[in-house]
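Below is a brief report on one model, its pocket, its ligand and its charged contacts. Have the sequence and coordinates at hand.

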Amino acid sequence: MRRRSRTLRLASFSPESVAAVARARRALGDRRATPNLGWLSELTGAHRRAIGTVLEELEDLLPLEEEIRHRHLAAGRTSYAQIRAPFELYAMTRLLKPRNVVEAGVSSGVSSAHFLAALARNRVGRLHSIDLPTPQRAAALGRSESTVAIPPGLATGWAVPERLRGSWDLRIGPSQRLLPGLAAELDSVDLFLHDDLHTPTHLTFELETIRPRLREGSIVLADNTSWTGEAFPRFARSLGANVARRGRGDLVGMRVPRLPGT
Ligand SMILES: C[S@@+](CC[C@H](N)C(=O)[O-])C[C@H]1O[C@@H](n2cnc3c(N)ncnc32)[C@H](O)[C@@H]1O
């Protein structure tokens, strides 16, 4: 079942929470990054008060957001095809306290930086990321190139500050080759983000690869699902999970229910 997340308005939270969100969004420089709190609540099942507390923490992310924005500007990126939900990724990681976060698709590392900032605050858990970088062809980004291309002289995760990298297991190569080995190493995948190659076959491959590592309460996210057809909803149905869609966009998620035999 695919449904829009229930309404939970930012304006109904404390003035401190509302101000922290506004400042963090401005510091990152991405107006699209206003958190969708209904989506967050549906995926985490967290109490409103816990969500409010995490929103207030965004105030502490201002130096990180500014650093990411400045790194992007210095590399000639005035706009960037990053995930639209960096603050929800932070909040989910804080609320869920995952042992293992796995993401496929890093580019400059906006999603990675938000996972890592939350893991650092949790003082537990690791981020395992896989990325097959798309190199930028020349000093300036070509008209036909995607903004996710890596500028010359930089590497995957180039916007992630050094101080956050302690809990980061970053693997470079195609997820088709690397994800099976990574999944086999982990006891659980508690939070997963698909944000790499957006084809139905590839998304299905990634979801089926992590399936044996999912547990009750794991959160599985996929971006750009308008390109991947039935792959995500079919997988959710097979687990008995609901698909939670972020607003009108095509970033979706599911919370894994109790699995048979557990
Ligand atoms: C949309 S970007 C990731 C954005 C990132 N999640 C963020 O929020 O900033 C997609 C990344 O996936 C990489 N990619 C594409 N195909 C891949 C594959 N088969 N395996 C791993 N990474 C891949 C691209 O080169 C690019 O770096």
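Which residues are linked with Glu57 in a network of salt bridges? Asp60, Arg94 and Arg121 are linked with Glu57 in that network.

## Basis

The model is predicted: local features need pLDDT of at least 70, side-chain atom pairs count only at pLDDT 80 or more, and totals for chains, interfaces and linings use all residues. Residues are numbered from 1 along each chain as its sequence is written, and side-chain values use heavy atoms, with hydrogens and water left out.

## Salt bridges

A salt bridge is a side-chain nitrogen of Lys or Arg within 4 Å of a carboxyl oxygen of Asp or Glu. By this rule there are 14 salt bridges.

Glu208 pairs with Arg211 at 2.8 Å, N to O. Glu208 is partly exposed because its relative accessible area is 38%. Arg211, at 27%, also counts as partly exposed. Glu230 and Arg237 form another salt bridge, 3.1 Å from N to O. Glu230 is partly exposed at 42% relative accessibility. Arg237 is partly exposed at 48%.

## Around Asp169

Asp169 belongs to strand 4 (residues 168-172). Helices (H or I, at least four residues) and strands (E, at least two) are DSSP runs, numbered from the N terminus. Asp169 makes a salt bridge with Arg171, with the closest N and O atoms 2.9 Å apart. Both partners, Asp169 and Arg171, are buried. For Asp169 the relative accessibility is 14%, so this residue counts as buried.

## Largest pocket

Rolling a probe the size of a water molecule over the atoms shows where empty space is left. A pocket here is an open set of points on a 1 Å grid over the protein atoms alone, where a 1.4 Å probe fits, with protein on both sides within 12 Å along at least five of seven lines; lining residues have an atom within 4 Å of a point. The volume is the space filled by probe spheres set on the points, which are joined across faces, edges and corners.

The largest pocket holds about 780 Å³ of space. Its lining has 34 residues, and Val148, Asp195, Asp196, His198 and Asn224 lie nearest the centre. Helix 6 (110-122), strand 3 (126-131) and helix 7 (175-185) each give two or more residues to this lining. By type, the lining splits into 14 nonpolar, 12 polar and eight charged residues. Nonpolar covers Ala, Val, Leu, Ile, Met, Phe, Trp, Tyr, Cys and Pro; charged covers Asp, Glu, Lys and Arg; the others, Gly among them, are polar.

## Ligand contacts

The ligand is surrounded by 21 residues (a heavy atom within 4 Å). The closest are Ser111, Asp131, Leu132, Thr134 and Asp195.

Which atom of the ligand lies 2.8 Å from an N or O atom in the side chain of Asp195? A nitrogen atom does. A ligand oxygen is 2.5 Å from an N or O atom in the Thr134 side chain. The backbone also takes part: a polar backbone atom of Ile83 is 3.1 Å from a ligand oxygen.

How values were computed
Buried < 20%, exposed > 50% of the residue type's maximum accessible area, 1.4 Å probe, protein only. Polar contact = N/O pair within 3.5 Å; in protein donor to acceptor, adjacent residues only side chain to side chain.
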